[in-house]
Amino acid sequence: MTKNTTVKEPDRKIYYLAAVTAVSVLVFLDQFTKHLVIEKLKGNPPFIIWDGVFQLEYLENRGAAFGLFQDQRIFFFVSVFLISAAFIWFFLKVPIEGRFAPLSICAVFIMAGAWGNCVDRIVLNYVVDFLYFKLIDFPIFNVADIYVTTATFLLAVLVCFYYKEEDLERIVHH
């Protein structure tokens, strides 16, 4: 006997509203941290948390990760548009079941990270970065970057090791 997995329309609307709300809250948190950084760190020396290991350091990044694509605003806006389109497509297709919740959470974090940095590019013409692992001289990054990197890594792990091919086909053909 198969269980009926049809979701009523009001439940789907609540699901969409929850996703949009989560993205909005995450973008707000990212923007709030960047506001604090601009207010407290811009024009000041780095704030050392652990000497030689980790510090908060203001940086205006006009590129992407690792400083790639410097001053390529059109590229970034097209990227956010494509990520947004994929996000909408995904949320229209994914079955609303607990099994697919991790994918939905990853999508929310990727969308929030993309829009968190996009807001910076629209308002400031650069992205505010401030988290610096000095010990390994890792590129300076921000909260939105953490959202995208962590969610993308988790998404890859889920697709490679948790979901089966038939699970992914259900999303595409739903």
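User: Start with the sheet. In what order do the strands come, and is the pairing parallel or antiparallel?
Analyst: This is a predicted model. Its open sheet has 3 strands in the order β1-β2-β3, with antiparallel pairing.

User: Which strands stand at the edges?
Analyst: β1 (47-50) and β3 (127-133). Each has a single partner strand, so one side of each is left without a neighbour in the sheet.

User: How many degrees does the twist average from one strand to the next?
Analyst: The average is 35 degrees.

User: And how many bridges join β1 to β2?
Analyst: There are 3 bridges between β1 and β2 (residues 54-61). Among the bridge partners, W50 goes with F54 in β2.

User: Which residues in α2 are buried?
Analyst: F76, V80, S84, F87, F90, F91 and K93.

User: Why would residues three or four places apart point the same way?
Analyst: An α-helix has 3.6 residues a turn, so residues at that spacing point the same way.

User: What does A19 touch?
Analyst: A19 sits in helix α1 (residues 9-40). Not counting residues up to four places away in sequence, A19 touches F87, F91 and V108. Both F87 and F91 are on the buried list for α2.

User: Is A19 itself buried or exposed?
Analyst: A19 is buried, because its relative accessible area is 7%, and the cut-off for buried is under 20%.

User: What is K34 in contact with?
Analyst: Leaving aside neighbours within four places in sequence, K34 is in contact with G116, N117, D120, V127, V128, F130, N142 and A144.

User: Last topic, the second largest pocket. How much space lies in there, and how many residues line it?
Analyst: About 230 Å³, lined by 13 residues. A86, F90, A107, I110 and L155 lie nearest its centre.

User: Which helix gives the most to the lining?
Analyst: α3, with 5 residues. α2, α3 (101-123), α4 (143-162) and α5 (165-173) each supply at least two.

How values were computed
Residues are numbered from 1 along each chain as its sequence is written. This is a predicted model: local features need pLDDT of at least 70, side-chain atom pairs count only at pLDDT 80 or more; totals for chains, interfaces and linings use all residues. Side-chain values use heavy atoms; hydrogens and water are left out. Buried means under 20% relative accessible area, exposed over 50%, partly exposed in between (1.4 Å probe, protein chains only). Helices (H or I, at least four residues) and strands (E, at least two) are DSSP runs, numbered from the N terminus. Two strands pair if DSSP finds at least two bridges between them. Axes are lines fitted to C-alpha atoms, for helices over the stretch in contact, and angles run from 0 to 180 degrees between N-to-C directions. Contact means heavy atoms within 4.5 Å. On a 1 Å grid over the protein atoms alone, a cavity is a set of points where a 1.4 Å probe fits but cannot get out, and a pocket is an open set with protein on both sides within 12 Å along at least five of seven lines; lining residues have an atom within 4 Å of a point. Grid points are joined across faces, edges and corners, and a volume is the space filled by probe spheres set on the points.
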